Amino acid sequence: MQLSEQEIVRREKLASLRKLGINPYPADLFPVDHTTAKIKSKFEEGKKVVVAGRLMSRRIQGKASFAEIQDSAGKIQVYFNRDEICPGEDKSKYNDVYKKLLDIGDFIGIHGELFTTQVGEKTIMVKEFSLLSKALRPLPLPKTDKEGHIFDQFNDPEQRYRQRYADLVVNPKVKEVFVKRTKLFNAMRTFFNDAGYFEVETPILQPIPGGAAARPFMTHHNALDMPLYMRIANELYLKRLIVGGFDGVYEFSKNFRNEGMDRTHNPEFTAMEIYVAYKDYNWMMEFTENLLEHCAMEVNGTTDATFGKHSVSFKTPYKRVTMTDAIKDFTGFDITGKSEKELFEAARGMGVDVDETMGKGKLIDEIFGEKCEGQFIQPTFITDYPKEMSPLCKEHRDNPELTERFELMVCGKEIANAYSELNDPIEQRARFEEQLKLSEKGDDEAMFIDNDFLRALEYGMPPTSGLGIGMDRLIMYLTNNQSIQEVLFFPQMKPEKKAAVPKPEDFLKIGVPQEWVDVVMHEFLSVAKLKENKATQVHQKLNGLRKKNKLPVAALQLEEVEKWFNQ
């Protein structure tokens with residue numbers, strides 16, 4: 001592992017602390033009794049407090065120093081005075097430990113008293129401090145120049161998502177997103193629990209991936225010698241519980257779909273699904289409106305939200321538009337009664353990307369997604385989907401070509417999907433068999449036949465309505481984040497590219513003297529990196545390192561370094 005100069009220095013400090021008998025990673029409890037937020041909200045001059053946190057900045061001025069620590073609740077200023085910390089003759093704890101061996105990023109514990117500075121800053125006077133954890137890698141903190149310009153900010157998305165732990169430390173607003181995410185889950189739970197519904201858990205590893213049209217992840221169970229699938233949806237298991245006698249069940253489920261990744265899709269995501277007996281999709285629309293209005297208020301204190309350039313209101317009621325009318329309004333094409341061939345030709349004529357594996361449902365879905373979906377900005381229920389699009393949904397009571405289904409669109413994306421659930425086992429079997437035909441045509445997202453679910457339906461399931469909500473997408477709207485990666489602590493990423501390990505012979509080939517190879521290799525990592533600099537800069541830097549670190553090597557001449565650049 002190649003260490004930077006700062007990382008080497010921090011490891012040297014670690015060794016020095018241990019030589020002084022200081023454990024840089026103590027095991028014993030530290031008796032914290034205040035957070036920074038509690039101190040500020042209930043500030044009392046002279047009050048004794050015990051706090052702990054990460055050292056984030058400091059300004060050392062001889063025998064005194066102002067610093068800043070950060071805990072889970074925020075930041076506060078602390079004041080280190082040599083004579084307060086070291087009242088006796090021995091001043092080494094301040095002069096050596098604090099000034100020389102602590103670094104920005106270290107965790108420290110403080111016993112102190114509160115006071116207000118002359119400029120009105122609420123501050124902790126440090127009476128005693130302890131090192132709780134030594135940071136061996138410097139934080140990617142932004143820097144500010146004399147003119148107040150901020151630079152070197154930690155804002156590269158790929159680095160931030162890979163190193164979320166550092167992102168949360170140096171970008172405090174990131175934490176606010178995840179606090180709101182938890183508020184959303186809590187608000188939804190409260191709404192369901194107050195309605196008398198029951199939270200449950202269902203299997204993640206399933207013998208048949210059901211409940212959605214999606215490509216699953218597959219694995220193998222060694223003891224049972226059988227294939228298993230990661231859950232793509234929990235619908236069929238929750239309906240089994242309705243068969244079993246529950247009137248209302250819900251689950252926040254981790255689902256996994258082996259599909260593409262983009263700004264709104266992650267292969268692992270969180271969905272909420274709820275099923276309520278003796279209800280239909282009309283009841284569920286009103287229930288959904290009230291739910292989302294409640295959640296918006298609990299998360300943001302208002303039903304209004306901003307998403308990019310759009311202002312969105314989650315205040316009830318929401319507009320309702322049928323799927324047929326939406327397509328007719330935006331394309332002029334009426335899908336009613338059209339054959340698969342007519343739909344295919346119409347889609348092609350509209351410039352929609354379709355292929356021969358697609359049945360009627362998929363063709364209609366592609367037309368709607370391409371031509372209509374993006375038009376709906378304010379929360380809008382799209383209702384009454386064609387039967388071919390909804391194999392688990394009850395036939396519409398007034399039109400046998402349609403189903404009793406709605407999707408809720410916001411800012412051109414679906415965030416909720418709901419049905420009057422199909423509870424006729426004979427009809428359900430026929431729908432599954434139609435899906436099997438699509439699979440045989442090459443549709444790798446078509447549903448499997450779940451015979452155990454069909455057996456459950458044969459025992460009888462009461463009239464039921466079900467709702468699914470994409471929790472990640474909903475919190476994107478409530479926090480004004482355009483990318484799903486911003487609302488997941490650890491989004492899926494491509495494998496991290498490993499830097500090529502430098503080899504001594506690479507530097508020897510360009511003329512670096514043997515005695516200088518280790519120094520040059522450590523400082524520049526590769527020949528390519530070295531040649532990104534000017535010869536004069538390299539000459540000056542290396543000789544500066546030689547002098548600073550008293551290296552036992554001969555000084556380099558500029559002419560010698562210039563030759564390296566010609567190889």
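Guide: Welcome! The model is predicted, so local features need pLDDT of at least 70 and side-chain atom pairs count only at pLDDT 80 or more, while totals for chains, interfaces and linings use all residues. Residues are numbered from 1 along each chain as its sequence is written, and side-chain values use heavy atoms, with hydrogens and water left out.

Visitor: How many residues of strand β19 are buried?

Guide: Strands are DSSP runs of E with at least two residues, helices are runs of H or I with at least four, and both are numbered from the N terminus. Buried means under 20% relative accessible area, exposed over 50%, and partly exposed in between, with a 1.4 Å probe and protein chains only. β19 spans residues 413-420 and is mostly covered; of its eight residues, the buried ones number six.

Visitor: Which residue of β19 is the bridge partner of L408?

Guide: Two strands pair if DSSP finds at least two bridges between them. β18 (residues 405-410) runs antiparallel to β19, and six bridges join them. Two residues lie between these strands in their hairpin, where C411 takes a positive phi near 50°. Across the pair, L408 has as its partner A416.

Visitor: Which residue in β20 does Y419 stand opposite?

Guide: β19 is also joined to β20 (residues 464-470), by five bridges in an antiparallel arrangement. There, Y419 faces G466.

Visitor: Which residue with a positive phi follows α8?

Guide: Helix α8 covers residues 235-243, and seven of its nine residues are buried. Among them are L236, Y237, L238 and I242. After the helix, phi is positive, near 120°, at G245.

Visitor: Is F490 buried or exposed?

Guide: F490 sits in the loop between α15 (471-479) and α16 (504-509). Because its relative accessibility is 60%, F490 counts as exposed.

Visitor: What is the C-alpha separation of H310 and N480?

Guide: H310 belongs to strand β15 (residues 310-313). With a relative accessible area of 23%, H310 is partly exposed. Leaving aside neighbours within four places in sequence, H310 is in contact with A305, I377 and C411. N480 is 170 residues away from H310 along the chain, yet their C-alpha atoms are separated by 9.6 Å.

How values were computed: Contact means heavy atoms within 4.5 Å.
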